[in-house]
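Student: I have a model open and would like to discuss it. Could we start with how the helices pack?
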Amino acid sequence: MRQRLLFILLTILTAILLIAGIGFFVLIEDLPHIPDDLRNLVYSQPTEIYAADGSLVHRLGGRTYVPLSQINPNFQHALLAAEDGEFHAHHGIDKIAMMRAVVFTLMGRRLQSGSTLTQQLVKNLFFSFQRLWSRKFREILISLQIESTFSKEQILEAYCNLVWFGGTAYGIQDAAQQFFGKSAGDLTIPEAAMLAGIVNSPIYLNPYSHYENALKRQRLVLRRMKSKGFLEEAAYNLAMADSVRLTGRPAYGNDFADYVISEAEKRYGHEAVYYGGLKIHTTLDPQLQAIAEEVVAQGVAQLEATLDFTGAPLQGAIAAVSVPTGEVRALVGARKYVPGGFNRAVNSNRHVGSGIKPFVYFAALENLGVTPISIVNDTTVTFRLPTRQRWSPRNFDRRHRGRLTLKSALMQSINVISAQLTEQLTPRRVIETCQRFGVSSLDTRKDALLSFSLGSAGISPLEMAAAYAVFANNGVYFKPITIKRVEDLNGVILDRAYAFGDTRFDPKLIYQMLNMMQGVVEGGTARVIRAMGFEAPAAGKTGTSTEFTDAWFTGFTTALSVSAWVGYDRDYQMYTRKPRRGVDGARGGAPIWTEFMKRAQTFYPPHEFEMPAGLKIWYVDPRTGMQVPDPQFGIPVALPDNLVPGFAPFWERQEAAPKSDSTETG
Amino acid sequence: MSALLATYQKVVRRQYFLICLILGLVLIGEMAFDIVERAMGRYLVWQNAGREKIGRSWEQAQQRGTAGVQLESVTRERRRQALELESISNFEELVQYVETNQQTILPPAQFLQIYHQLPYFLQPLLFNPDSLVADARLQRVTNVVVDGNRSRFNVVMLGSNNQTVRRASLSIEQMNLLINYGKERNLNVRSESRFANYFFSAGEFWDLYESLHPLRRRQFIQEVPLLTESAGEITGVGISNQYTNEFVEVAFAVSGIRAYVYYLPEDYVMDLLSPDREKAYEFYRLRRQQIFDNR
């Protein structure tokens, strides 16, 4: 009986050893090579993105490496207490913890890790985070090798410098700097305990977003430190009583930084940006960016609350460009930032609706010899398209106003007039004009349709903001720039960009157009801006795509040109519930634009637009273009010196209408 | 038989004991000294050299290497551009450089050197010389940014805070004027219609030249180096009846199909034509007509 038992035992043992041996040799086939110095793998210079004021906006990869001697022993003890109490006793694996984990896992209870610090280091260095048995065995084998190659101090040092603390904080030095504004050597016991606690779950134990969780975890770490003998009773009591003071929130990036990264990748290549240790100095204004993020989030949420339920989240975007330099100051591409998410401020070319009209009207001023007081006729028109079909553009409010001035037509965003002008100019010429304004996403073949006059083409908010800035700049186009300077890791400047203006248009014509766009804000479709309390000199244009899928407002002061868009990613219509009506530019884009500008003007104070020599302001009747004796009965128009509007006969002057009371938008 | 069985049982008992003893010792040794881990660890260290550099960190290390190569190539390119830029000494080279490298930053001294190489009457196409004197006195310009393509050329003078101090934009016509000034070209002056009204043989031209006021002659010598460098080669001179940006195209034929082309101010040409009053008047009238038409 005993002999049989012995035989069975030996057989099982032999089988286990055989399987283990085979498994061992199979698994070591694709184990990674281990370098002689772990620093070779751990150390990496980060690429850093800076705002215009020099503050750090984002870090990509990389970490600041510090030797163990410069890491406060408090943190070392806290880390060991929190993550691996038997670190100095085991040889890479904690057999008892591991067996416990295996039993617990086999029993179907909560998955246990049982990983030592060495195993965690190995996992972070070489393996994916997939929960696979084969990965676990390989991790164990490499841990054994690491323990046989390096001292405990070297392993601990590598771990401290490799571990992720959330956001862009990789390694203890970056974490200490970002959370407490100090070096890893200066951490106090409570701070060290908090950081050591974060390692377990950098997202759910992040003290900025989950302070209570982080504090609870810190207390647990302190208790373990005491039980492991790392803390005396007195020090423990002091640490428990002490509170931690967090510094500024670590940089987590934003849509602007994401755009800069994509631009830099195009210029230098993916690897150079993520692993090259570049220093990228940008044009970002962090204060403006913060305002923009807040305003978009609030504005979109407020609007969404009034809309029909679509099941999809309403989205918004804003792009702000400095008028005098063309430098992009803020970009928000979504109501809530998602790292690497879809950036609607630059990548989304949505129908701009009537936002295209300033370019159409400007092309008319430039090529058709019309002026802001030229009389146009808003009536039913039918165009014969090249496809031999007939097209009759409709106004936003489905009614016609008859004869009126060009400026008044723009103020009321009359589609028929825009279509008539485009027909006379040809869509191709209007597109070419847009291109001279810097709108590069248009295609002279694909987009050259008569419906282009009503904004059927797609343009991004950034392009719109940069193009409208030309009006504020007296006809000088500044290519929007986000990257001012790029340095390599030795500080050598690789690229430097300067604000660079290209004079593309006659300042006198541009000012006449600007004056017409001022009318949109003062008494036209964007009057809501004044109603909301924004009083600085401004001009712009609302835009609404057909079926209310996009609502825009793009406008500018002398300091900033800003484009705001709201809409759904899918072309769902935006209708308010009570009363049921479509969301247009004045209700969608303009409120966001106004809130942003009201807060931004503190940092970017606007002043009056400067009228070029050779122009004069006249007050005219918006319907006849005739001078009015009293400015309150007319609208101001900028006209060349040599053009004097006529006087209306006395009896007509008596009937002169006050400023337009139209509520239509477009 | 029973003795044999007893011996066998004894052996088995001893083996059982021995095996258990060995197993027990191994277990205690393992728990106390991590024998298996150490042995496996040593073995893995021994065969480490033959293993591949795989895994997340190695991939990142490889990407760092690639990044280094990419940045090295960028740095090399920038160094080449800087050297090329340093060697630029005239407007044509600058335009060519900008066409390939897009936006370019020049130190003010280098830009002024290029600027001064232009004939003085063409310099205002870029900047008014007086304004440059004012800038120099106030030391306002720290960088000159040049940008453009074949259809447009922009020059912006920037101050210390990168604010624009002065800006100029050249049209394609103006660029051609600056680039082609004094260039030898394939041009049959005698047969080109635009020179037909005002074509002079070499002898006729020299007579006209001799009749110029000495100060004007000196200006001609200064702005038309051909007159001193290759005067003997001139076979004829054509004056175009068309204006290019206020300037008159004057072509000096050096053989049947070759000519040097200069763009001279109207007063230079009027002075040259003045001995033949009829021709001078006709030229003047034509010019007025063109100005009127342009308006």
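Tutor: In this predicted model, helix α5 (residues 117-126) of chain A packs on helix α3 (residues 56-86) of chain B at an angle of about 40°, with the axes 5 Å apart. Because angles under 35 degrees count as roughly parallel, over 145 as roughly antiparallel and 65 to 115 as roughly perpendicular, the rest being oblique, α5(A) is oblique to α3(B).

Student: Which residues in α5(A) and α3(B) meet?

Tutor: K123(A), N124(A), L125(A) and F126(A) meet R56(B), S57(B) and W58(B), where contact means heavy atoms within 4.5 Å.

Student: What are the ipTM and pTM of the complex?

Tutor: The predictor gives an ipTM of 0.74 and a pTM of 0.80. Local features need pLDDT of at least 70, and side-chain atom pairs count only at pLDDT 80 or more, whereas totals for chains, interfaces and linings use all residues. Side-chain values use heavy atoms, with hydrogens and water left out.

Student: New topic: is helix α3 of chain A enclosed or exposed?

Tutor: Eight of the eleven residues of α3(A) (residues 73-83) are buried, so the helix is largely enclosed by the rest of the structure; buried means under 20% relative accessible area with a 1.4 Å probe, protein chains only. Among the buried residues are F75(A), Q76(A) and E83(A).

Student: What covers them?

Tutor: The cover includes α5, α7 (152-162), α8 (172-180), α9 (189-198) and α10 (211-227) of chain A.

Notes
Residues numbered from 1 in each chain as written. Chains lettered and ligands numbered in written order. Axes fitted to C-alpha atoms, helices over the stretch in contact; angles between N-to-C directions. Helix = DSSP H or I, 4+ residues; strand = E, 2+ residues; numbered from the N terminus. Buried < 20%, exposed > 50% of the residue type's maximum accessible area, 1.4 Å probe, protein only.
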